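Please keep the sequence and the model in view while reading.

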Amino acid sequence: MAEMLPTADARYGIDMVSRWLEGRGLQPFDFQRETWEHMLAGRSGIVNAPTGCGKTYAVFLGAVARTLANHPVDEPATHPPGLKVLWVTPLRALAKDIARAMEEVLSGIGLPWRVGIRNGDTTTAERQRQKRSMPEVLVITPESLHLLLAQKGYADLLSGVHTIAVDEWHELIGSKRGVQVELAVSRIVGLSAPISPCIWGISATIGNLEEAMDVLLSPLLTSMYTRNSTEKTVIVKSQMPKNIEVTSIFPDEIERYPWAGHLGIRLAEKVVPIVEGSRTTLVFINTRGMSETWYQTLLDVQPDWAGAIALHHGSIEQELRLWVEDALHEGTLKAVVCTSSLDLGVDFRPVESVVQVGSPKGVGRFLQRAGRSGHAPGAVSRLHFLPTHSLELLEAAALKQSIAEGLIERRDPLVLCYDVLAQYLCTLAVSDGFEPATILPEVRSTYCFREMTDTEWGAVLRFLIQGGSALQQYDEYQKVEVQDGRCRVTNRRIAMRHRMHIGTIVSDAMLRVKFITGGHIGVIEEWFISRLLPGDVFTLAGRKLEFVMIRDMTVLVRKSNAKKTIVPSWMGGRMSLTANLGCMLRRKLEEAGKGDTTDPELEALAPLMELQRSLSHIPGSEELLIEQIETRDGYHLFVHTFEGRLVNEAMAAILAWRISQIQPITFTFAMNDYSFELLSDQPIPVDDGNVRALFSTDRLLEDIQRSVNATEMAKRKFRDIAVIGGLIFQGMPGQPKKARHLQSSASLLFQVFSEYEPENVLLRQAYREVFDHQMEEARLREMLDRIARGRIVLTFPERLTPFSFPVKVDSMRESLSSEKLEDRVRRMQEQLER
Amino acid sequence: MTKPLPLQIHSQTLWASAGRSLYWEEDASLIVSDLHFGKTGHFRKSGIPVPPKVNREDLQRLVVELVYFGARKLILTGDLFHSEENLEWDHFRRWRDSLPVEEFILVRGNHDILKTPAYASMGIRVQEKSLSMNPFRFTHDPQEQSDASRDLYTIAGHWHPGIRLTGMGKQSLRLPCFYFTQKWGVLPAFSRFSGLAQVEPAQAKHVIAILPAEPRSGGSPSLIALK
């Protein structure tokens, strides 16, 4: 049982931990001390501090102080055995470092606690040891926490937990792993009632920190014992300023007709002095494919860097990645070209500079990457922004302004994820079984499921117990059974398979890549390799590889010296510009339009803006610019929303549908983060008379349903949901799929459910995810409201404008090979400049 | 039901049906392939709640096809039953008695793992490799050739052939199809709970795709000859 604090001894605990810090020549920061006080008073909350500022000490030392207040070090007999502190971290890689730091604290203070690590890397022997005798502190991932809940007798293990810390909560909150954390917390709070554990989230700054706290602490806030006690929760902010210095890399000449993917590489030489001037530099690239190209380009520009620079992305074999990470720690690398694979994780002290190539798509992400340099408290984080086309300089100005004003994105929590719920209930059924009457209030105490109806809960239970809307006759469905009011899984094969598939991270169908002579290199998507012929050469992990054959789900390759290689592209992970950044972009445009600016980026863009103004218009922040242009390709309608790719994709479809209601007309679409384009072979009937109606929110939902191919999008979403919800079992890359007779594709299941069981909870969830996340319906509506309040400017430029050019080029990209495209774009640029 | 499409092969008339069957008029035989009965039950028994209605609808459709054409014979080119025996097999056994056919022949496919007597007890004759009935030879895998019957036209299944249609923008659709070349033809999988293997129309003589049920076609699937 967690204990209530006798305040008389509260000082003792704080004194002990402060003395330990002082013994190491450190002064506790104010926010650390504050956190300890709150923890001693039994409060829960969020610690908000930049990385590298001792957030771990704030919460861990608090838990130690809280224990010492009740159980002084010199009275070992009073220490009850068992798990006390659960430390949830999203990253396996962090676990060892955190555990080491904790052990240092414990041995320094003399508290006889053990620290255990529990994640995918933990050996069976170690897990068995932990089962016999739990360490007092467990550093654990959300998945492993659920695996713990799948273990018989888990209630006894967890009922003594008095502190739950959730590290990097800002990363978890917007994901299904966050939902896993919410559910696990609800169970532990339920187990320890009537006493509540202290729950602390550790988070970087996000736009909705208050909400993030409410999400994490929701089970506490709604639990019947602590209701009406919002004074028991608190956000502790470190006052330490993080100094960030953002510098843009300017091209020597501003292209007045910008297009992506070209300029970046041409500016590679400008990265050289940055790398030379720092101990270690991280070069962040947005996609894995581009990072391969960049790595090659840097080596071409600076051949003597061979061996001194490395490549790191999510599809490279883990062994190689770990090698790169170790080298980063030791400071033996000059530079690492990386993707979001290095966004999070251990701090690499030698990193002095960060280069961001292309749009980071959001302020939060930009700050996070900046924070990867200058790690010591008080040090300056240096970030260089390298645009991939000139218009992105506008984004640099917008990012700087947002940082100055502290405008960071929200991370919206997910709601009603029935796939995760189905998995969780199955997990409980696998271990000790559950009584719906006990678990339902706990599940509803989470933020994610607080609005779940009885009908929906019933549908999830029916899905697990009866297998959906079953026909009684001839049915042998078995998974969760009800015995004496308890829901259990009794079939051992089903239980084992469930344990092996706990988790919410779903990978694409990947194949492992391996040298014929042995040695793994990484993974590659199945669809990419299916288009290669033996003898083709592609690049992975910075190496040129000749495709030999596929055997046992493994791609066998040999080294190649070919000049020309194919750079793989990996699907997925194409981020969309955030609403925050979009809003700031529109503000910066207005400044540029008025010539009212001191931003060097905007000044550099002056020639481009001048051309835009003379051909068309530069929109103010409350204006929507629509350009109608006729070219040899046909009639174009460009709409510049600056609202991100996803919103543009949905809006393009809706607008096309609405226009087609005026007269029969066919379009093709193209879009990027800034704009979208409709192209037709006949004039597009949009004018001042009807444009407001075309952008109104009237009948928006119906129009979305008619225009957007929601079925196709839902089918794509359904794959992840089907895996999480237990309909499909993922094989590991390189491992032949087991149980062939039980394999079916997500698209087949989607089709079968759509036809025979359209009310299925997981199927309906797929459609909801499309509306909420794919089309960002809420954001779409907000945009239309804004447009309704503002002005719509319709222009008819005689040729393509600087704003319309990038999206026009993007649309050409799809039908042409890249080499031809380069030639064609250059020709277009020349013609337009004339 | 929408109208079947006739094909002339080796002077015989074959009717391709949107119900995923092929009717051989001269012999009054209905030919179907890859029924995979019991597949839903097999999944469900292992805790994967696939809608069981699929299996039932497949059975009903088989009867509809037989009655529609008035077939006397049923020829199955493999994969009648998905796996081991289960309750759906019993279900099928009960239906078997009411199937209005005089002869029921199964050419064994890779999924047909039950022993011959199990089939015999249900009045199903099992052909191990292939069944020759001039001018046709029925086998499970179209790839499996035999010299003895070189002049015969092979009718097979196994592939679950599907054809990809691409439309404007990035739209594309995959549809089950009948696929006939100069020397052999492959039937679509009869079961609705079966995936598709993409085939290329290039070397085919006839490709007939099955369009999903739409209000326009009276709420039932229809056929479209692509080649």
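The buried residues of helix 15 of chain A are covered by elements including strand 8 (243-248), strand 9 (280-284), strand 12 (351-357), strand 13 (380-386), helix 16 (392-405) and helix 22 (579-594) of chain A. Helices (H or I, at least four residues) and strands (E, at least two) are DSSP runs, numbered from the N terminus. Eight of the eight residues of helix 15 (residues 363-370) of chain A are buried, so this helix is largely enclosed by the rest of the structure. They are A:Val363, A:Gly364, A:Arg365, A:Phe366, A:Leu367, A:Gln368, A:Arg369 and A:Ala370. A residue is buried if 20 or more other C-beta atoms lie within 10 Å of its own, exposed if 12 or fewer, and partly exposed in between, with C-beta atoms placed from the backbone.

The model is predicted: local features need pLDDT of at least 70, side-chain atom pairs count only at pLDDT 80 or more, and totals for chains, interfaces and linings use all residues. Residues are numbered from 1 along each chain as its sequence is written, while chains are lettered from A and ligands numbered from 1 in the order in which they are written.

**Domains and the chain contact**

For chain A, the domain assignment (bounds from an automatic or database assignment) gives domain 1 (7-237), domain 2 (243-405), domain 3 (418-504 + 711-774), domain 4 (510-559) and domain 5 (616-708 + 775-799). Between the C-alpha centres of domain 3 of chain A and domain 5 of chain A the distance is 39 Å. Five residues from domain 3 of chain A and four residues from domain 5 of chain A make up their contact. Two residues are in contact if their C-beta atoms, placed from the backbone, lie within 7 Å. On the domain 3 side of chain A, the residues touching domain 5 of chain A are two nonpolar, two polar and one charged. Here Ala, Val, Leu, Ile, Met, Phe, Trp, Tyr, Cys and Pro count as nonpolar, Asp, Glu, Lys and Arg as charged, and the others, Gly among them, as polar.

Chain A gives 25 residues and chain B 26 residues to the contact between them. Strand 23 (668-671) and helix 29 (746-756) of chain A each supply at least two residues of the chain A side. Helix 29 of chain A has the largest share of that side, four residues. By class, the side of chain A that touches chain B holds 13 nonpolar, eight polar and four charged residues.

**Strands of chain B**

In chain B, strand 4 (residues 29-32) and strand 5 (residues 73-76) pair in the parallel sense over four bridges. Pairing requires that DSSP finds at least two bridges between two strands. B:Ile31 is placed opposite B:Ile75 in strand 5 of chain B. Strand 5 of chain B also runs parallel to strand 6 (residues 103-107) of chain B, joined by four bridges, and B:Lys73 stands opposite B:Glu103 in strand 6 of chain B.

**Cores**

What touches the most other members of the largest nonpolar core? Among its 238 residues, these are A:Ala65, A:Val283 and A:Val337. A nonpolar core is a set of buried Ala, Val, Leu, Ile, Met, Phe, Trp, Tyr and Cys residues joined through C-beta atoms within 7 Å. Beyond its neighbours within four places in sequence, A:Val337 is in contact with A:Val283, A:Ile285, A:Ser291, A:Trp294, A:Tyr295, A:Leu298, A:Ile309 and A:Leu311. Another core lies apart from the largest one and has 46 residues, including B:Ile31, B:Leu74, B:Phe92 and B:Cys177.

**Loop residues**

A:Val686 sits in the loop between strand 24 (675-680) and helix 26 (691-694) of chain A. With 21 other C-beta atoms within 10 Å, A:Val686 is buried. A:Val686 and A:Leu637 are 49 residues apart in sequence and 8.7 Å apart in space, C-alpha to C-alpha.

| Cis peptide bond | Omega |
|---|---|
| A:Ala193 to A:Pro194 | about 10° |
| B:Asn134 to B:Pro135 | near 5° |

A:Pro194 is in the loop between helix 9 (176-192) and strand 6 (198-203) of chain A. B:Pro135 is in the loop between strand 8 (130-133) and strand 9 (136-139) of chain B.
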